[in-house]
Amino acid sequence: MIRSVVQGCGAYLPERLVTNEELARTVETSDEWIQQRTGIRQRHIAAEGEFTSHLATRAADRALAHAGIAASDVDLVVLATATPDETFPATATRVQAALGMTKGAAFDLQAVCAGFVYGLSVADSLLKSGMASTALVIGAETFSRILDWEDRGTCVLFGDGAGAVVLRAEQGQGTAADRGILANALHSDGQLHDILYVDGGPSSTRTTGFLRMEGKEVFKHAVVNMAAVVGEVLGKAGLTAADIDWLVPHQANRRIIDGTGRKLGLPPEKVVVTVDKHANTSAASIPLALDTAVKDGRIKRGDLCLLEGIGGGMAWGASLLRW
Ligand code: UT7
């Protein structure tokens, strides 16, 4: 049986750090409110002229170096983003060119904060079907460009960044002891459009628009759907929460992350949290968290990692993988 095995990971954050205190100088908010409600202390913001493709390319470069794989060996680039450089072509093709790749396929995937688990699932299917052999799955965003900086209810919550993994098709035994992706689960519910969306787009308004969110509603759906999808993906792999070494959740809000960890009965030490340092980086948040825990030595070869995310759409999903 073919398994999509992670060969390496990488991440990139723009240089500029913006603290809660700094934001409190321009909108009516406070470090205390932001930390209490979300756990966020700071976020990175892309520089003028620094685009999603630039962040994605830096993260991809680092992932390839970590994997010891040349860009010329990659035959699939899946870039999860809701903030592409341009309406078209796919930002993934910019990354492909920047990496010097001339073969294979590169495309963007749009599932907002669930984008990385959607990307993993799509790449896993393409590797398993033999369509590709080595894939870069990237989550990269410049959400600072779609924030209404006068709306304190949203502008304090997000940041920019990118993360990537390299997957390679390898032979496995078909058991839960295999390394690689063991199971994926994806969902969406378009009826929930109005609670989290961007009020612009090429077809509707010919503008880029700004992010709009009913935070409390999103919060409720996040808690319920995360618990359900996590159970689903564990069930598919024939595993239980007790088998999980690391929960690597989407980093939107510390309270949602802690709630999911508690529901799974996981001690806090097994939950990777980066929302304090990166804020919500949408599709980039899971690979940024993953990279943090791999590079600081927490996640080791053979560890069982549960990745989960939810965002606009609403779209949500989970991936279970053995590192
Ligand atoms: O990545 C996609 C998934 N997104 C999420 O998962 C986000 C989910 N939602 C959340 O994380 C939370 O709902 C928020 C952090 C967005 C908001 O927290 P909340 O506890 O739901 O607060 P709230 O929206 O009910 O607002 C409470 C109060 C309001 O004032 P009143 O009406 O009680 O007087 C807001 O106007 O806090 C006020 N408020 C703020 N105050 C200071 C809202 N934003 C701010 C702010 N600073 N930045």
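Reply:
**Loops, then the ligand site**

Arg206 sits in the loop that runs between β9 (196-198) and β10 (211-213). Helices (H or I, at least four residues) and strands (E, at least two) are DSSP runs, numbered from the N terminus. This is a predicted model, in which local features need pLDDT of at least 70 and side-chain atom pairs count only at pLDDT 80 or more, while totals for chains, interfaces and linings use all residues. Residues are numbered from 1 along each chain as its sequence is written, and side-chain values use heavy atoms, with hydrogens and water left out.

Arg206 has a phi near 60°, a positive value in a residue other than glycine. Two other loops hold cis peptide bonds. One joins Phe88 and Pro89, with omega about 0°. Pro89 belongs to the loop between β4 (76-80) and α4 (91-98). The other runs from Gly313 to Met314, with omega near -10°. Met314 is in the loop between β12 (304-311) and β13 (315-322).

Now the domains. The assignment, automatic or from a database, gives domain 1 (2-171) and domain 2 (180-322). Their C-alpha centres lie 14 Å apart. In domain 1, 53 residues are in contact (heavy atoms within 4.5 Å) with 49 residues of domain 2. Together the two domains bury about 3,900 Å², with 65% of it on carbon and sulfur atoms. Buried area is the accessible area (1.4 Å probe) that two parts lose on being put together, summed over both.

So where is the ligand? Domain 1 (2-171) and domain 2 (180-322) both give residues to its shell, so the ligand lies between them. The shell has 23 residues, and the closest are Thr29, Arg37, Arg152, Asn253 and Asn280. A residue counts as near if one of its heavy atoms lies within 4 Å. By class, the shell has 11 nonpolar, seven polar and five charged residues. Ala, Val, Leu, Ile, Met, Phe, Trp, Tyr, Cys and Pro count as nonpolar, Asp, Glu, Lys and Arg as charged, and the others, Gly among them, as polar.

Look at single atoms next. Thr29 places a polar side-chain atom 2.7 Å from a nitrogen atom of the ligand. Arg152 has a backbone N or O atom 2.9 Å from a ligand nitrogen atom. Lys216 has a polar side-chain atom 2.9 Å from an oxygen atom of the ligand. On its own the ligand has 960 Å² of accessible area, and the protein covers 73% of that. Such areas come from the Shrake-Rupley method with a 1.4 Å probe. Two or more shell residues come from each of α2 (31-38), α6 (152-155), α7 (215-237) and α8 (254-263). The largest share, four residues, is from α7.

Terms used. A polar contact is a pair of N or O atoms within 3.5 Å; within protein, one must be able to donate a hydrogen and the other to accept it, and residues adjacent in sequence count only if both atoms are side-chain atoms.
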